[in-house]
Every structure is written in C-alpha cells, then in structure tokens.
Amino acid sequence: MSAMLEAVTHVLAADPTPGAAASTVPAPTSGAPSELANKVNVVLGILAWAGTAAGVCGVLITGAMMAISVKRGESSEHMSRLGMVLGGCVLVSTAGPLVTFVFK
C-alpha cells in the first residue's frame with residue numbers, strides 16, 4: 001500500500017519515478033483554441049446584432065404607440081416603456097465592456 005501511495009505522490013508531484021522516463025504535468029494554454037474562439041465570436045456577433053435590432057424595433061414601436069395614443073387623446077405610460085427599451089439598449093451596448101471590466 002505504501003509503495004502505491006509513493007508512486008501516486010511521485011506522479012502527482014511531477015517527480016519522475018526512478019528508472020522511468022521523466023513525466024511532466026501538462027500545462028494548458030491560457031486562451032481558447034482558435035477554432036472555438038472564431039465560432040464563439042460569430043455567435044456573439046449575431047447576438048449583438050440581434051440585440052441592437054431589437055432595441056431599434058422597440059424604440060420604433062414605442063414611438064408609434066405614443067403617436068397613436070396622442071392622436072386619440074388617450075393617456076398612457078409610454079415614457080416608462082420607452083425607459084425600459086432604452087435601458088435594454090444600454091445593457092446590450094455595454095455588455096462587452098462591462099464583462100471585460102469585471103473579469104480582467
């Protein structure tokens with residue numbers, strides 16, 4: 001049992017066992033593989049574009065609803081809706097820099 005523990009200790013400590021070839025602990029690279037990084041960048045680019053398009057559509061729809069309700073003489077809370085849409089636009093546009101600031 002002690003011989004097995006000693007062998008495991010040598011392997012885990014990256015100390016070559018006597019009479020065997022030198023064993024090394026693999027050191028992973030810090031970055032993602034380039035194939036994976038390219039695919040992730042494409043997906044993130046599509047999501048950023050979709051978020052921007054949704055924000056523009058939200059502002060246009062809110063503006064149209066405001067114009068229709070003013071013409072009808074109705075009172076509605078379109079400013080709060082516009083604030084929510086603009087808040088979403090700010091989150092979409094600052095997502096990348098915000099994550100970079102937090103994790104770097």
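Figure 1. M79 belongs to helix α3. Look across to T62 as well: the C-alpha atoms of M79 and T62 are separated by 8.6 Å, although the two residues stand 17 places apart along the chain.

Figure 2. Is T62 buried or exposed? With a relative accessibility of 2%, T62 counts as buried, since buried means under 20%. T62 sits in helix α2. Setting aside residues up to four places away in sequence, you can find T62 touching H78, R81, L82 and V85.

**Figure 3. The buried residues of helix α2.** Which residues of α2 are buried? They are G55, G58, T62 and S69. These buried residues of α2 pack against α3. For the protein as a whole, 7% of the 104 residues count as buried.

**Figure 4. G88, a partly exposed glycine in helix α3.** G88 is found in helix α3, which covers residues 78–103. Its relative accessible area is 29%, so G88 is partly exposed; this class lies between the cut-offs of 20% and 50%.

**Figure 5. V92 and its contacts.** V92 is another residue to look for in helix α3. A relative accessible area of 37% makes V92 partly exposed. Which residues does V92 contact, leaving aside neighbours within four places in sequence? The answer is A48, G51 and T52. For a distance to check, take V92 and W49: they are 43 residues apart along the chain, and their C-alpha atoms are separated by 9.5 Å.

Figure 6. L36, V40, V43, L44 and L47 together make a nonpolar surface patch of about 450 Å². One of these residues, L44, has its place in helix α2, which covers residues 34–72.

Figure 7. How far apart are the end C-alpha atoms of α2? They are 57 Å apart. At 1.5 Å a residue, the 39 residues of α2 should span 57 Å, so the two values agree. Just after α2 comes G73, which takes a positive phi of about 85°.

**Figure 8. The whole fold and the confidence in it.** The secondary structure comes to three helices and zero strands. Starting from the N terminus, the elements run α-α-α. The mean pLDDT of the protein is 80, and 82% of its residues reach 70 or more. Which element has the lowest mean pLDDT? That is helix α1 (residues 2–12), with a mean of 68, whereas α2 has the highest, at 89. A friendly word of care: where pLDDT is low, the predicted coordinates should not be read in detail.

Notes. Residues are numbered from 1 along each chain as its sequence is written. This is a predicted model: local features need pLDDT of at least 70, side-chain atom pairs count only at pLDDT 80 or more; totals for chains, interfaces and linings use all residues. Side-chain values use heavy atoms; hydrogens and water are left out. Patches are made of residues with over 30% relative accessible area and no salt bridge: like charges are joined within 9 Å, nonpolar side chains (Val, Leu, Ile, Met, Phe, Trp, Tyr) within 5 Å. Accessible areas come from the Shrake-Rupley method with a 1.4 Å probe; for residues, only the protein chains shown count as cover. A salt bridge is a side-chain nitrogen of Lys or Arg within 4 Å of a carboxyl oxygen of Asp or Glu. Helices (H or I, at least four residues) and strands (E, at least two) are DSSP runs, numbered from the N terminus. Buried means under 20% relative accessible area, exposed over 50%, partly exposed in between (1.4 Å probe, protein chains only). Contact means heavy atoms within 4.5 Å. pLDDT is the predictor's confidence in each residue, from 0 to 100. The expected span of a helix is 1.5 Å times one less than its number of residues.
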